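Subject: Structure handover

Hello,

Here is the structure we spoke about. Please open it first, then read my notes below.

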Amino acid sequence: MVELLLQFRGKIATAKLLILREQSQKELINILKNIRGKKCLVIDPKLGDSLSLIIQTSLLKEHGVELRHLSADHIQTDCTKVVYLVQSQPNLMRHICSNIHHDESKGLQREYHVYFVPRRTVVCEKVLEEEKLHNMVTIGEYPLYIVPMDEDVLSFELDLAYKECQVDGDTSSLWHIAKAIHKLEFSFGVIPNLRAKGKASVRVADILNRMQAEEPVNSSDMVMPEINTLILLDREVDMVTPLCSQLTYEGLLDEFLNIKNGSVELDASIMGLQQEGKKTKVPLNSTDKLFKEIRDLNFEVVVQILRQKATSMKQDYTEMTTTSQSVSELKDFVKKLNSLPEITRHINLAQHLTTFTSKPSFLGQLDMEHTIVESQSYDICFDYIEELIHKQEPLTTVLRLLILFSVTNSGLPKKHFDYLRRELLHSYGFEHITTLNNLEKAGLFKKQESRSNWLTIKRALQLVVEDTDTANPNDISYVFSGYAPFSIRLIQHAIRSGWRPVEEILKLLPGPHLETKRGAFSNSPSFDSLSGVSTGIAKVPDGRRALVLVVFVGGVTFAEISALRFLCSQEGMAYDLIIATTKIVNGQTLVETFMEKLGG
Amino acid sequence: MANVSVAAEWQLLYNRYYRKPELYPMRWKHVDLARHKVAGAPFGGPVAVIRDDSKIVQLHAESALRKLRLFNSAGHPLADAVWRHPGGRLIGMSWNDDLTLVCVVQDGTIYRYDLHAQLVEPNISMGKECFEQNVADCAFWGNGVVCITEQNQLFCIPDFRNPKPVPLADPMIDEPPRCIAVIEPQYTMSGNVEVLLGVADDPVVLVVEEDGVQRLGEGLLRGPLQKMVVSRDGKWLASFTHDGRLLVTTSDLTGIIIERECEADENLRLIKPSLPEAVEACVDASGHEFDVSRQRTLLRAASYGQAFCSNFQRDRIQEMCKILRVLNAVRNPEIGIPLSIQQYKLLSPSVLIGRLINAHRHLLALRISEYLGMNQEVVIMHWACSKITASLSIPDATLLDILLDKLKLCKGISYAAVAAHADKNGRRKLAAMLVDHEPRSSKQVVPLLLSIGEEDTALMKATESGDIDLVYLVLFHIWQKRQSLEFFGTIQARPLARDLFITYARCYKHEYLKDFFLSTGQLQDVAFLLWKESWEFVKNPMASKGSPLHGPRIKLIEKAQSLFAETKEHVFESKAAEEHAKLLRIQHELEVTTKQAIFVDSSISDTIRTCIVLGNHRAAMRVKTEFKVSEKRWYWLKVFALATIKDWVALEKFSKEKRPPIGYRPFVEACIEADEKAEAIKYIPKLADPRERAESYARIGLVKEAADAASQAKDGELLGRLKLTFAQNAAASSIFDTLRDRLSFPGAS
């Protein structure tokens, strides 16, 4: 199984994705080069996180950069040139304005540059204008639309996209996504097949087609487009999966330690380092061979694999010290020794994870998630959640289960809805009325208005799989130990045979769906739907498998990514997958985007 | 036509044959080249003619006013204009690369004309020195000019697109030069223009640049030059010497040119004629031929010969036919562009089409671009714009129909660009009608719509595009332009614009947002804003806890409450606001009575816990009753609060008050969490569910009791799980194994 995963993952056409990273790096350096001399680069913290995947701090310093984070506090630097690099969000303008006003009041003469990511916007400039700073700053753009997170994962880094669309009605992110895909098409060619499900996804497809009409990618230059199909899926369609606790290794790491831009930060002592009280950063990406091998596996299995590796290492060592060995045997042993740091690292991490996974509260939560997904015992679930509120368990934990409960029941009866809302306000404070209001607007926690389709969907798509063998899985349900992520099940169908066979199910889900051909292929009837076995269409000329780009509008979890990689590794799969998302999320971070305190 | 006559046209010059065919009999009348200044454009372009005012001429039947007249190459009149410019004599005129006629007069002013003899504004000045010293002579190249003053100073404009005069180095000559020529900037080493001056009585050529003067040709020339011409590529210089010789040298005057290599190749072709080469030669020759019947003869010969060649590229003939059709069409005297095939290839078809549309030969341009499979958009676009300019008297609707009729020929044409042109010509209504047909909603269309006052359409197009930035652009534009109420009405009808306005106003225009919600009757949203504002009092440093500032704060919340109460959909929010106000009052009182500022802004549950922790059970009870806190919640809160202060006696007493409504689980959990096993053991046996009992025992490490409870529950899965919990403890795990064996449930593992 593990070997299979490795074998196919290696084939993913990643070279071009890496070029994206280089391009973005070059663009940033060019911006810095054009502003001569020493300069203070002020980055908004969120953007700083994504930039760390594009460029190293040392490289910035080589270009005469002093690095600062943007905040309301004024900037302390000797540089006379200040370069702000910020996402084009109006609230960040406030900080820049107060910075400059402070300098003015102190009589400091500085040269200000504001570079907007990914582009300048009327709103941001309006704020500068109203503060009468418009003429003092030089405005530029840094068109960073996509950040490659790993060799097969791209992120648009739009962490608020889902909330902004669903609650505020601000669909900026959809334009951003379309623009990013359109940019990809300039290097990969026009993607001939498109499948979308959900209001936002269909809108992205529409904007993308408009962009293609107004600023066409010249498809005649490409003999055969490298990306065969684009699948767009709204997070709204499946809000069940991200709220369930992920049980893959990488998923669990994210649940408990919060993976940020491909690394986790934890106490040095956990990693066996002798630095009391200090934090250490552990990188987690596919350059770590062992991690690449085990990241997508169910955590139970990971523990076994690590144990085996440790045991065999120990055995080898004992043999080494007790019996005489030939040179080649010694060589093999040394080779094995090289992997020792990786093994140690993951044994430390896994051990640390077990302290969380063995807690009764976690097991209870898992149990409840399964009960809710099974959707058989309404009262048990209701009582459990009520009790969590009464015990004043952390609000995100409560909301996570509550949303899962509400979504699978398509809302709660008015009496229960009002009761739980009241209990929440009483327990956590009235300032959370805004959070509740946001969740209601987004349809995540609401009054029941129609019967739930969840049972029908669950059965039709076989989402709950009995007897899941997590060690030798034959279905994506292994990632949640028995629950097959609904989103990935849909994508599985979309890849295999298009929307047609699941049309009835799609109609039960929110938002329209779309299946269409694009570019030069839009009029050719012979270029029909994808089929499971490779039919020649699926092959690019040099024999590599064609690509399918799966875009999650509103976020994707590591467990879902693992499930997609699993699909990729299956025999008969004609495509490699690239995954793109507005942001990598988990239940906690997703719920947090909706939380907004009145007084906050 | 007899072969003899064809051959007779060719004359030997040095080592090459040349011929001078007459392309057109000139159609113009009364143009005596001797008494006119003439400027012919390269590439078969137009000819400009004006009476030479430096010569005394006799006027025939013509006006005394001088006229600048433009003809095509066949002498067909194109346009004319009366010349009344001040500034002295016309020194020189020439066509530059974009077919603008450039005329230099004595005081250094440069007048420019387009193809239709319309003056191109603004006029250009060669600068103060030229004005004071007078221009004596000038030399042009593709896109620039050099002037020499009467005091022999040189000034140049390197590029008419950026017309700034630049002084060149002083050539230090007393007499005016005999002749002048320029090497274009693109062919010089320095990238700046080089001016060649043939000076009197000195067998050299002076090369003048911006930063110096060089003497060239010393030892090579035997006397002063009378006339110089530089080849188009700047490599060669042809000059006419004082003793009547024609000299071709390299343009740096380092050697006299004699060529041999090409000749050998040509001889070879003559000596060893093979069929494919002959066919090739016929095709080539047809291309160079101006006479249509000779073209036909040559191509027929080629096509005949081609049949006997196995590997001749057949499409060569086809291609040539295509080129010739185009060339013959533009050579037609009506059009009058006598391009040679080399010129055509150098010029490229798209530039030729550009020239045709500039000359308003739209139909031919369209036909040619169609024939060559080129994009017709440029032609149609230009036609549409010219049509609008020329049709001031045609009503909008009629003109629109005329335009649409042609615009629809070209898929993807920018209606917006045509509309922009209409707007520039003062036809705003026509512009609006045209934009209506624009399928795109891009960055160009929306600002255009705003500039022609079509705000609603602009908003619609921006919304369609999905580009939020465009929507904001329109939004701010309308906001600025309209009265509040009208503005509110506009955006209320457009959900996206409305939502974006709200998002922006939430950050920056709070009061204005309230006005908006009031105007649209969204009272609940006003209520939310007020409720939010009530927290501003907390942030205010003056509002220290327990201060009377709570008065206004509570008032705001109550105002919010009454607004929520206006609609029946917001009963819940109204009730919550009411409770919030009540809570703040109670908390305020509690802070006064306890003299501890720890209550305000904590939740109801937290307030109850704090009261119990402080030992104030009456206050806790009061909060419970005031807010109708359920017995369930009350038990959890009180149990946890008592455990926090480790008041185990009070806890036990509480457990015995009455049978707890949710059983003894809260008691067990609180004790286990506080790590008080002894206390926990008091309550575990009272748990009703044996599974819960088993798990609780297990959590405090009582293996045997756990096992007993589990076997009572008859739950194999539970036993397995408990065994795992005690995995390190060998004795314990064996207990579970035996128990499980005894149970032996099917499927239990």
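**Helix contacts in chain B**

B:Leu583, B:Gln587 and B:Leu590 of α22(B) touch B:Ile604, B:Thr607 and B:Cys611 of α23(B). By class, this contact has four nonpolar residues, two polar and no charged. Bear in mind that the model is predicted.

Now the geometry of that pair. Helix α22 of chain B covers residues 571-594, and helix α23 of chain B covers residues 604-613. Their axes lie 11 Å apart, at an angle of about 20 degrees. Angles under 35 degrees count as roughly parallel, and α22(B) and α23(B) are therefore roughly parallel to each other. The crossing of α22(B) with α23(B) is left-handed.

A second pair sits in chain B: helix α9 (residues 362-371) and helix α10 (residues 377-390). The axes of α9(B) and α10(B) come within 9 Å. They cross at roughly 165 degrees. Angles over 145 degrees count as roughly antiparallel, so that is the description for α9(B) and α10(B). This crossing, too, is left-handed.

Which residues make the contact between α9(B) and α10(B)? From α9(B) come B:His362, B:Ala365, B:Leu366 and B:Ser369. From α10(B) come B:Val379, B:Ile380, B:His382, B:Trp383 and B:Ser386. Five of the contact residues are nonpolar, four are polar and none is charged.

**Chain B as a whole**

Chain B holds 32 helices and 21 strands. It has 749 residues, and 47% of them count as buried. Take the contacts in chain B between residues at least 6 apart in sequence: 46% of these join residues at least 24 apart.

Best wishes

How values were computed
Residues numbered from 1 in each chain as written. Chains lettered and ligands numbered in written order. Predicted model: local features only at pLDDT ≥ 70, side-chain atom pairs only at ≥ 80, totals over all residues. Heavy atoms only, no water. Axes fitted to C-alpha atoms, helices over the stretch in contact; angles between N-to-C directions. Helix = DSSP H or I, 4+ residues; strand = E, 2+ residues; numbered from the N terminus. Parallel < 35°, antiparallel > 145°, perpendicular 65-115°, else oblique. Left-handed = near helix turned anticlockwise from the far one by under 90°. Contact = heavy atoms within 4.5 Å. Nonpolar A, V, L, I, M, F, W, Y, C, P; charged D, E, K, R; others polar. Buried < 20%, exposed > 50% of the residue type's maximum accessible area, 1.4 Å probe, protein only.
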